[in-house]
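Dear colleague,

Here is the structure that I promised to hand over. Please open it beside this message, and then read the notes below it.

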Amino acid sequence: MAYAAFSVVYGEQPSAAKWNILGTNDASFNDGTGIAALAIQNTHLDTDAITLGYGEATANQGTFTAATDLTGVTCTIIVPSGNTRRLLVTLNTNPGSSSAADRIIVYIKKDGSTVQEARITVGATSQENLICLFSEVPAAGTYTFKATMQRAGGTGNITNYASATNPSFLLATLI
Amino acid sequence: MIKTHMDRKDLKVTCNKCKQSGIVSVIKNQDPMLKQKYIIDWSNSKGNNIISFRHRLDDKFGFECICGNSSILARAEKGVITENKPSREDISEVITRLNKEVRTTSNKVDGFTIEEV
């Protein structure tokens, strides 16, 4: 079914066949076939149609060496029923160490279990940008994602650097 | 009550664009409660190509075919008659335009051939 233009003028006496054009148009809006290409604008989308969750930290956290959850870098999402779209979780962090050549690992955890990890070797007292991405097609439900960081090798103390202009964040989007 | 037996006209309407024909019954309205001078009886129509009817201000019958061809509005009504009830000025404008047109009695009206059957 496709959309068909419909109009009447004063004094016109349409038949049932013409009135049914409205019904066909209705059905085409219901199944989507009557919606023109490029007609849906971003303002038509609800806020959570794409962005399911976001959490950030704007202050340094540390020092630490063992696995530590990054405060604020977490979000709880609700995946709608019947979902067929792919979830993309983006984690942005800026770790540094007090010792050169330390290896740092960051995890994305879903409901407490690691689903993705990324590693980096840092220079002394410098901070590095460490990004970790996770993707899946989730079933409907509620899930909590969080970021955990730890020293994977070396002897230094770890800091996750963050500020208002350099936040660490976890962004969950349905794409 | 509409008196149908005396003032019914069965018309064969052929769309000159897609060449499909349909039979429709148009009834002269004698019910003072109804404003339309002519009413179409869709229940008595044959064929399914004619999907709309209108008695135009030039006193001719306008039709719309399923193929999109339409004579619902007379040339003189276009741009004046809309979905709203026409004002006195609107009707005067149409009459002025009609008076400038050459009147014909042809059974071919704006893309449709209308024959009494």
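**What was found**

Chain A is divided into domain 1 (1–35) and domain 2 (42–174), with bounds that come from an automatic or database domain assignment. The centres of these two domains of chain A, taken over C-alpha atoms, are separated by 50 Å.

Please keep in mind that this is a predicted model, in which local features need pLDDT of at least 70 and side-chain atom pairs count only at pLDDT 80 or more, while totals for chains, interfaces and linings use all residues. Residues are numbered from 1 along each chain as its sequence is written, chains are lettered from A and ligands numbered from 1 in the order in which they are written, and side-chain values use heavy atoms, with hydrogens and water left out.

The largest nonpolar core has 28 residues, and those with the most contacts inside it are I77(A), L87(A), V89(A), L91(A) and F145(A). Such a core is a set of buried Ala, Val, Leu, Ile, Met, Phe, Trp, Tyr and Cys residues joined through side-chain atoms within 4.5 Å, where buried means under 20% relative accessible area, exposed over 50%, and partly exposed in between (1.4 Å probe, protein chains only). Among the strands of chain A that each supply at least two residues of this core are β2 (51–57), β5 (87–93) and β10 (141–153), and the largest share, five residues, comes from β4(A). Helices (H or I, at least four residues) and strands (E, at least two) are DSSP runs, numbered from the N terminus. Apart from this core lies another, of 16 residues, including L11(B) and W42(B).

Leaving aside its neighbours within four places in sequence, L91(A) is in contact (heavy atoms within 4.5 Å) with residues including V73(A), I108(A), A147(A) and F169(A). Y54(A) lies in strand β2 of chain A, and it counts as partly exposed because its relative accessibility is 42%.

Some details of the backbone also deserve a look. A cis peptide bond, with omega about 15°, joins G62(A) and T63(A), and T63(A) lies in strand β3 (residues 61–64) of chain A. A101(A) has a positive phi of about 70° although it is not a glycine; A101(A) is placed in the loop between β6 (95–97) and β7 of chain A, and is exposed, with a relative accessible area of 53%.

With best wishes
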